[in-house]
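Biologist: I'm new to this one. Could you walk me through how to read it?

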Amino acid sequence: MSSRKSRADRRVDLIEAARRAILRHGTQGVHLNHVAEEAGLTSGAVLYHYPDLSELLVEAHHAGMERFYELRVKRVAQCTDPAQKLVVTIRSGLPVGPDDPGVRLLNELGGAAARNRVYAVLLTTLYDRQVAMYQSILDTGGALGVFTLVGDSLTIARNLVALEDAYGYRITARHPVIGPAEAAELIMSYARTVTGNELAPAAP
């Protein structure tokens, strides 16, 4: 039992090493030796756990994406008010700063998606799940009378995710006047308009 756990732990370590290697060398530029160097292992040791490097890179990207759906769902589950859920969701989808590793990893994935079908599917799946997450909050708020939606919830949800992506990119590109707080307020300005709710800011 302990040996199986040890191997599972090693694979988790390798996924994290692959994430660091991708950030350092880019999705298209990362090689086996880069991952081995980040992990402090030989290339052979990496191949023992992941004979196919592309599988490891896909798992690294998938692990990096967990924050933008699974962890957000868990966080908003702690709220009961749809308006508060919406604010928390908006804030938690943005980079914490220009060097946010999770968002930088997504940017790398986006740049490679046009040339890699697997990466494209990963990004499309994440986008669709994020849209569904927003749509569920909007529909619940509408049914409870907390929101008065000015359009259909699917369109609003898609626009919210698009705004997240756009402002997230501006933050990582070090726009001089758009940081996480400013981006959140800009997105919430749109959300207030389309929900008819004042959306009192939540604690960051």
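Biologist: Which residues have the most contacts inside the largest nonpolar core?

Modeller: Keep in mind that this is a predicted model. Look for buried nonpolar residues joined through their side chains. Here the largest such core has 26 residues, and V35, V46, L56 and L57 have the most contacts inside it. Helices α1 (2-25), α2 (32-39), α4 (53-65), α7 (101-113) and α8 (117-143) each give two or more residues, and α1 gives the most, with six.

Biologist: What is L56 in contact with, leaving aside its neighbours within four places in sequence?

Modeller: L56 is in contact with L14, I15, A18, V35, V46 and Y50. There's also a second, separate core of 24 residues, which includes I90, V161, I171 and A183.

Biologist: And empty space? What is the volume of the largest pocket, and which residues are closest to its centre?

Modeller: The general idea is to roll a probe the size of a water molecule over the atoms, which shows where empty space is left. In this model, the largest pocket has a volume of about 270 Å³. It is lined by 15 residues, and L106, N107, L123, L126 and D165 are the closest to its centre. α7, α8 and α9 (153-172) each supply at least two residues of that lining. By class, the lining has eight nonpolar, five polar and two charged residues.

Conventions
Residues are numbered from 1 along each chain as its sequence is written. This is a predicted model: local features need pLDDT of at least 70, side-chain atom pairs count only at pLDDT 80 or more; totals for chains, interfaces and linings use all residues. Side-chain values use heavy atoms; hydrogens and water are left out. A nonpolar core is a set of buried Ala, Val, Leu, Ile, Met, Phe, Trp, Tyr and Cys residues joined through side-chain atoms within 4.5 Å. Buried means under 20% relative accessible area, exposed over 50%, partly exposed in between (1.4 Å probe, protein chains only). Helices (H or I, at least four residues) and strands (E, at least two) are DSSP runs, numbered from the N terminus. Contact means heavy atoms within 4.5 Å. On a 1 Å grid over the protein atoms alone, a cavity is a set of points where a 1.4 Å probe fits but cannot get out, and a pocket is an open set with protein on both sides within 12 Å along at least five of seven lines; lining residues have an atom within 4 Å of a point. Grid points are joined across faces, edges and corners, and a volume is the space filled by probe spheres set on the points. Ala, Val, Leu, Ile, Met, Phe, Trp, Tyr, Cys and Pro count as nonpolar, Asp, Glu, Lys and Arg as charged, and the others, Gly among them, as polar.
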